[in-house]
Amino acid sequence: MTHRRLAEHDRPQNWLDVAVAIVLLASAGLPSISVAGRPDELTTVAERSGFIRTGRYDEVERLCAAYAARWPGKVRCLEFGRTPENRPMLALVASGDGLLDPAANRERGRPVVYFQGGIHAGEIDGKDAGFVALRELLEGRASPGALERTTVLLMAYGTPRSRD
């Protein structure tokens, strides 16, 4: 896989602000989260602990695989790079109608919404929120039908390190 570093002038400076605003707006009317009756393989450590604790990077690996298994054809877990420690950097791409390929999204002019979770250790609350928001979208509990018109890319944890 080839990666290209964007030049400083190519980097959108407000994407994170936009993504955070979208998540906050989309979740504003949601009922409080309850994990009763929900299979553990789809919940975060944060949810199971009442948002007292958060999971480590192995949770990202587990949830990435679990979401892809739960919603085959609608969710893909992909590796977009490797850390200097040779750990996989993972992302989830999701679409209600299975439009998961970047070229197909571009060809159809389909919007892709980017959710960025944590980048470094200690910034991981976005990881938990990203998994919850994506699950709510996939289950149709938040913005029903949105994934029929939009593709979501969740980069839950950008730079996993050995201490994470």
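**Burial, bridges and sheet order**

Biologist: Why is Glu 59 called buried?

Modeller: Its relative accessibility is 3%, and buried means under 20%, so Glu 59 counts as buried. The model is predicted.

Biologist: What makes Lys 127 buried?

Modeller: Lys 127 has a relative accessible area of 0%. That is under 20%, so Lys 127 is buried.

Biologist: How do you know that the side chains of Glu 59 and Lys 127 meet in a salt bridge?

Modeller: The N to O distance is 2.5 Å. The cut-off is within 4 Å for a side-chain nitrogen of Lys or Arg and a carboxyl oxygen of Asp or Glu, so the pair qualifies as a salt bridge. Glu 59 lies in helix α3 and Lys 127 in helix α5, so this bridge ties together parts that are 68 residues apart in sequence.

Biologist: How many salt bridges does the structure hold?

Modeller: It holds seven. One of them is between the side chains of Arg 135 and Glu 47, at 2.5 Å from N to O. Arg 135 sits in helix α5 and Glu 47 in helix α2 (residues 45-48), and the two are 88 residues apart. Both Arg 135 and Glu 47 are buried.

Biologist: What makes Cys 64 and Cys 77 a disulfide?

Modeller: Their sulfur atoms are 1.9 Å apart. The cut-off is within 2.5 Å, so the pair counts as a disulfide. A search of the whole structure finds one disulfide.

Biologist: Why is the disulfide of Cys 64 and Cys 77 given a handedness, and which one?

Modeller: The torsion about the S-S bond is about 115°, so the disulfide is right-handed. Cys 64 lies in helix α3 and Cys 77 in strand β1, so the pair ties together parts that are 13 residues apart in sequence.

Biologist: Is Cys 77 buried or partly exposed?

Modeller: Its relative accessible area is 29%. Buried needs under 20% and exposed over 50%, so Cys 77 is partly exposed. Cys 64, at 1%, counts as buried.

Biologist: How does the span of α3 compare with the expected one?

Modeller: α3 has 14 residues and spans 20 Å from its first C-alpha to its last, close to the 20 Å expected at 1.5 Å a residue. Its buried residues include Tyr 57, Val 60, Leu 63 and Tyr 67. The buried residues of α3 pack against α2, β1, β2, α5 and β4.

Biologist: In what order do the strands of the sheet lie?

Modeller: The four strands form an open sheet ordered β1-β2-β4-β3, with mixed pairing.

Biologist: Why are β1 and β3 called edge strands?

Modeller: β1 (75-82) and β3 (112-118) each pair on one side only.

Biologist: How do you know that β3 and β4 pair?

Modeller: Six bridges join β3 to β4 (residues 151-157). At least two are required, so the two strands pair. They run parallel. Within this pairing, Gln 116 has Met 155 in β4 as its bridge partner.

Biologist: Which strands does helix α5 touch?

Modeller: Helix α5 (residues 125-138) packs on the sheet and touches β1, β2, β3 and β4, its direction making about 155° with that of β4. Helix α3 (residues 57-70) lies across β1, β2 (88-94) and β4, at about 35° to β2.

Definitions and conventions: Residues numbered from 1 in each chain as written. Predicted model: local features only at pLDDT ≥ 70, side-chain atom pairs only at ≥ 80, totals over all residues. Heavy atoms only, no water. Contact = heavy atoms within 4.5 Å. Axes fitted to C-alpha atoms, helices over the stretch in contact; angles between N-to-C directions. Buried < 20%, exposed > 50% of the residue type's maximum accessible area, 1.4 Å probe, protein only. Expected span 1.5 Å × (residues − 1).
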